[in-house]
Protein chains: 2
Amino acid sequence: MAFQKERSAGYLANQMARLFAKGLHERIRPLDLAPAQFMTLLALWDEDGLTQIELVRRLDVEQATMANTLTRMERDGLIERRANPEDGRSQAIHLTPRAKALRDPATAAARAQNAAALADFSEEERETFLALMRRAIAAMHKD
Amino acid sequence: MAFQKERSAGYLANQMARLFAKGLHERIRPLDLAPAQFMTLLALWDEDGLTQIELVRRLDVEQATMANTLTRMERDGLIERRANPEDGRSQAIHLTPRAKALRDPATAAARAQNAAALADFSEEERETFLALMRRAIAAMHKD
DNA sequence: CAACGATATATAGCTTGCTATGTAAACTGG
DNA sequence: CCAGTTTACATAGCAAGCTATATATCGTTG
């Protein structure tokens, strides 16, 4: 029996995630933001001054990935790394005024992208969809 | 109202796709395959001798992405690019014996990854999940 | 048939993801 | 107290995605 990619959850998940990222990227392009930067900002808008390790835990990416994303964000004037007087190893990540100002337009763009993707879903289907994704994520985390 | 990433379809889709890719990558590591190479092989196992443009259409990635993936696959002895005597611009992509031999173990690995992700889903939930992903993909394609 | 547009592929340059490894600071047990 | 482990971050190197642009061949049209 042939492997049908249209019936493979992994295949569909990859394609769907790329389309989400592409759509979001387009919508936030005027803000000069990239998707991973937006995701990082979400955590920092919620709580400024987090440490790199705390960001890694909240966003569930590898530490090296986060380090690189933060370097680009620092280069782009979105964050500042401040030394921690209590612990010479860690640094607190602080938002710049520019990053703070992006909160409303950026989250609006993300909401618009989610709405476009789920435009023809009923409210119940949206909830079901989110719940199923969370369950698949949890299952793979355990695995 | 705060933007909650746990309730964002795009955020969950990204995380889920990364976990699928990571899991698949681990399972096919003994075969010395990377996920995008596997995806490309799926199309070529189904029909050998496709052209780069045909692969781009079937897998829905950008032409430049496919060109680079094919270059790596050629380097790794998975494919051969053969000149097309009818059209000097295009090349037919042919599988090597090594790539042909990988079909069974690689698709088994992909099935195992899908099964792990959806382990605690009922049969009905699996169908629902695939259908919802297809609909989200279609909606973003139109957008 | 020559010029021009369309098509197929390649390349440059970037972001985001990963693994593996290095480095410095902090902690801990003997 | 200091040797060894753990922790926080950085760096190297790769795959895969993207946009933008170059190049070569094919087709078409005046």
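Relative accessible area is used here to class residues as buried (under 20%), exposed (over 50%) or partly exposed (in between), with a 1.4 Å probe and protein chains only. The structure is a predicted model, in which local features need pLDDT of at least 70 and side-chain atom pairs count only at pLDDT 80 or more, while totals for chains, interfaces and linings use all residues. Residues are numbered from 1 along each chain as its sequence is written, chains are lettered from A and ligands numbered from 1 in the order in which they are written, and side-chain values use heavy atoms, with hydrogens and water left out.

Within chain A, the side chains of Glu47(A) and Arg58(A) form a salt bridge with an N to O distance of 3.2 Å, a salt bridge being a side-chain nitrogen of Lys or Arg within 4 Å of a carboxyl oxygen of Asp or Glu. Because Glu47(A) lies in the loop between H2 and H3 of chain A and Arg58(A) in helix H3 of chain A, the pair ties together parts that are 11 residues apart in sequence. Glu47(A) is partly exposed, at 38% relative accessible area, and Arg58(A) is also partly exposed, at 35%. Over all chains, the structure holds 20 salt bridges.

The interface between chain A and chain B takes 54 residues from chain A and 54 residues from chain B, contact meaning heavy atoms within 4.5 Å. The buried area, defined as the accessible area (1.4 Å probe) that two parts lose on being put together, summed over both, is about 5,200 Å² for these chains, and carbon and sulfur atoms give 65% of this area. Phe3(A), Arg135(A) and Met140(A) supply 14% of the area that chain A buries against chain B, more than any other three residues.

Eight salt bridges are found across this interface. In one of them, Arg135(B) meets Glu125(A) at 2.9 Å, N to O. In another, the side chains of Glu125(B) and Arg135(A) meet at 2.9 Å, N to O. Glu125(B) lies in helix H7 (residues 123-142) of chain B and Arg135(A) in helix H7 of chain A, so this pair joins two chains; helices here are DSSP runs (H or I, at least four residues), numbered from the N terminus. Glu125(B) is partly exposed at 25% relative accessibility, as is Arg135(A) at 27%. Salt bridges that share partners join Asp120(A), Glu125(A) and Arg135(B) into one network.

A further salt bridge links Arg7(B) and Glu127(A), at 2.8 Å, N to O. Arg7(B) is placed in the segment before helix H1 (9-28) of chain B and Glu127(A) in helix H7 of chain A, so the pair joins two chains.

Around DNA strand D there are 27 residues, of which Gln52(A), Gln63(A), Ala34(B), Arg75(B) and Gly88(B) come nearest; a residue is near the strand if one of its heavy atoms lies within 4 Å of it. Sugar and phosphate account for 71% of the atoms of DNA strand D that come within 4 Å of the protein. An N or O atom in the side chain of Gln63(A) is 2.8 Å from a base nitrogen of DNA strand D.

Methods
A polar contact is a pair of N or O atoms within 3.5 Å; within protein, one must be able to donate a hydrogen and the other to accept it, and residues adjacent in sequence count only if both atoms are side-chain atoms.
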